[in-house]
Amino acid sequence: MTLTDARHPIGMRRRLLLEWLVLVATLALQSTALTAWKDLPGIRDVNHRIYDLSMQAARNPLPSQDIAIIAIDDASIEALGYWPWRRSVHAALLDRLHGARAVGLDLIFSAPHPTHPQDDLALAQAIARHGRVVLPEVLSPDGRHRIEPIPPLARAAAALGRIDAQPDPDGTLRAIELRRTPSDGGPPMAHFSLALARVIGQETAARARALPPDTAAHVHFTDPARRLALYPYAAVLNGQVPASEFKDRIVLVGAWASGLGDRLSTPLGGRTAGVAILADTLQNLRDDLWIRIAPSWLTALAGLGLILPVCLGLGTLSARRGLAGALVASILFLVADALLLQQAGYWLPPAGILAALILAYPLWSWRSQEASLRHIDAELERLRIPLRLGEPGLDAAAPAGQAGPDTLPERAARLHRAVSRLKQATQAQEETLSFLSHDMRSPQSAILAIIELRRQAPQKWTEEAVLAHIERQTRATLELVDHFVQLGRAESAPLNRHPVYLDDLIQECCDRRWPRAEQRGIELRFEARHPEAVADIDAELMGRAIGNLLDNALLYSPAHSVVECSLEPDGRRWLVHVQDAGPGIPPEQMERLFARFQRLPGDADKPAGSGLGLAFVRTVAQRHGGSASCASPPGRGARFTIGIPAEG
């Protein structure tokens, strides 16, 4: 259903345009709201999942070779003994790193050594000799205050930096707070990587300076498949790695062994050691690699720029092409968003926009169908075409909808019934035109012809013969008109229902036709056996229907034969049978026996009827919720039956 289809009436096009504007406004509001509420659980989870997939598909930066990691790995623990090592061991390591630009010890020293307190002094002296060592501090679990290294180490360090991280609710670390304020009101705590950057004089990232405290910066993690500058702790300490290897490099010392230290999930998949995450954060600071998340207003504006063309396509294209357009727009948006992240480090949270694009097609289909159906309902109401079963002109035996009146299945059923009714009306109109053009004109043409013959040969055509011919043709015309009017009344006039004893009604119909039966020597039989047979019917219409069957039976039965009428129960129905002794009805005529203008075969003594009598019988039966049928075994005449629902 499209807005531009010229076949639609003006009213429908206006309604569709209104529905289209409402759709655009609804989707725009929805996209804006979901973008603003991006931290709600469901929306946040979708955004996180798409963000992770985009990061995994992107070409991530290579690890910087200026940053070296000395890993406390399994081999080092096997070589140096059980963990934790004495702090004098770390002091010895620092003495081998004098050429490094800065050293970050990702090791927590929040309490004095319990058995070797002299090692604390040795480590403090080594830190002071180096002069560019950064030590970690952490926030307490409740976030109220900071936990610093012991005073000798804190005084010797060039700077302190926070190493705790706050993963997202799904357990994945995506962003780092470069400055975080304890809840006790203390000064903001700089992140470990930020403290290192300040020590080496390279806090060059404008992004880091512009971020207010407690604001997360999304880390662009380096490609985990590429080799880090990683050195085993024991190899460096034992001199297997020369000290010159670390000249002018930033060195991070941290846990790498299985079960030692912290490992966190990242968007690139798998679990990454905390010291490697510190290296990535430091590289983001130095090279300004942060992923910038678009503000809500910009994301909402981008969503509106996508929603408008998609809705325009839905309103102007076919349903199939509109759906394809919506799907293509969604895919292109996701691809463009991933490319923007890769090339420019900029990302738009897509959940709100995707929800609007995905809902665009079903919403438009629903509203356009609703508008079309309402317009059709209005047109059918204006045309006064009945839509419910049991109304004039509809077959009461058709299945009724089981759903509510405003559901789509019921609306479709009503439309189907309306189309069927229109087809019936069209067929009836064609048959009526044929009736008027042929059946009604034939008697009049015959009258004009006999009058012309009388003028041309008055001696051959006497006045009495002409008048007799005119009388026959006039009566035939009146009979046709009467049958046609009665059929129209049976189809559309309100029923005058009231309880009627069927035995009495059938007996009355037989009594009226007894004289005609006597003239031909036909025995008309009916025996009233069911005084309890009562039906809520229109007695006049039903009597005429039964009378039509009796008239046909008397017409087609030979003289001195028997026409039998009977009444019998059949469940909650009463069956009225009329059995004649005529020649029967050929099987090929059975299918349209009760159709309008379908005439039974006649001969010279028994001319064909109007073709409306049996159509009248079927219409009356169906108007009463019953049925009309015929059985004609070869050589045994025809048996017509009217089924009438019993009262109650």
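This is a predicted model: local features need pLDDT of at least 70, side-chain atom pairs count only at pLDDT 80 or more; totals for chains, interfaces and linings use all residues.

Let's start with helix α4, where the buried residues are Arg87, His90, Ala91, Leu93 and Leu94. Looking down the axis of α4, you'd find these buried residues within an arc of 160 degrees, so they line one face of the helix.

**The chain as a whole**
- Count up the secondary structure and you get 20 helices and 22 strands.
- The chain has 648 residues, and 45% of them are buried.
- Take the contacts in the chain with a separation of 6 or more: 76% of them are between residues 24 or more positions apart.

- Pro84 sits in the loop between α3 and α4.
- A cis peptide bond joins Pro84 to Trp83, with omega at about 5 degrees.
- Why point that out? Because most peptide bonds are trans.
- Trp83 also belongs to an aromatic cluster, together with Trp85 and Tyr233.
- How many aromatic pairs does the structure hold? There are five.
- One of them is Trp85 with Tyr233, a tilted pair at 4.8 Å centre to centre, with 50 degrees between the planes.
- Trp85 lies in the loop between α3 (74-80) and α4 (87-95), while Tyr233 is in helix α9 (residues 233-237), so the pair ties together parts that are 148 residues apart in sequence.
- Are these two partners buried or exposed? Trp85 counts as buried because its relative accessibility is 6%, and Tyr233 counts as buried because its value is 0%.

**Another aromatic pair, and a charge over a ring**
- Phe594 and Phe640 make an edge-to-face pair, 6.2 Å centre to centre and with 80 degrees between the planes.
- This pair links distant parts of the chain, 46 residues apart: Phe594 is in the loop between α19 (587-590) and α20 (613-623), and Phe640 is in strand β22 (residues 639-645).
- Both Phe594 and Phe640 are buried.
- Elsewhere, Arg263 lies over the face of Trp256, 5.8 Å from the ring centre.

**Helix α12**
- Helix α12 covers residues 319-344, which makes 26 residues.
- From its first C-alpha to its last, α12 reaches 36 Å, close to the 38 Å expected at 1.5 Å a residue.
- The buried residues in α12 include Gly322, Ala326, Ala329, Ser330 and Phe333.
- Further along α12, Asp337, Ala338, Leu341 and Gln342 are buried as well.
- Just after α12 comes Gly345, which takes a positive phi of about 65 degrees.

**Ala195 and its neighbours**
- You'll find Ala195 in helix α7 (residues 192-199).
- Ala195 has a relative accessible area of 4%, so it is buried.
- Leaving out residues up to four places away in sequence, Ala195 touches Val134, Ala159, Leu160 and Gly161.
- Ala195 and Arg162 are 33 residues apart in sequence, yet their C-alpha atoms are 8.6 Å apart in space.

**Two residues with a positive phi**
- Here's the background: most residues other than glycine have a negative phi.
- Asp288 isn't a glycine, but it has a positive phi of about 55 degrees.
- Look for Asp288 in the loop between α10 (274-287) and β14 (292-293).
- With a relative accessible area of 32%, Asp288 is partly exposed.
- His560 isn't a glycine either, and its phi is positive at about 60 degrees.
- The loop between α18 (539-556) and β19 (562-570) is the place of His560.
- His560 has a relative accessible area of 68%, so it counts as exposed.

Terms used. Residues are numbered from 1 along each chain as its sequence is written. Side-chain values use heavy atoms; hydrogens and water are left out. Helices (H or I, at least four residues) and strands (E, at least two) are DSSP runs, numbered from the N terminus. Buried means under 20% relative accessible area, exposed over 50%, partly exposed in between (1.4 Å probe, protein chains only). Contact means heavy atoms within 4.5 Å. The expected span of a helix is 1.5 Å times one less than its number of residues. Rings of Phe, Tyr and Trp (its six-membered ring) pair if their centres lie within 6.5 Å; planes under 30 degrees apart count as stacked, over 60 as edge-to-face and the rest as tilted. A charge sits over a ring if NZ of Lys or CZ of Arg is within 6 Å of the ring centre and within 35 degrees of the ring normal. The arc is that of the directions from the helix axis to the C-beta atoms.
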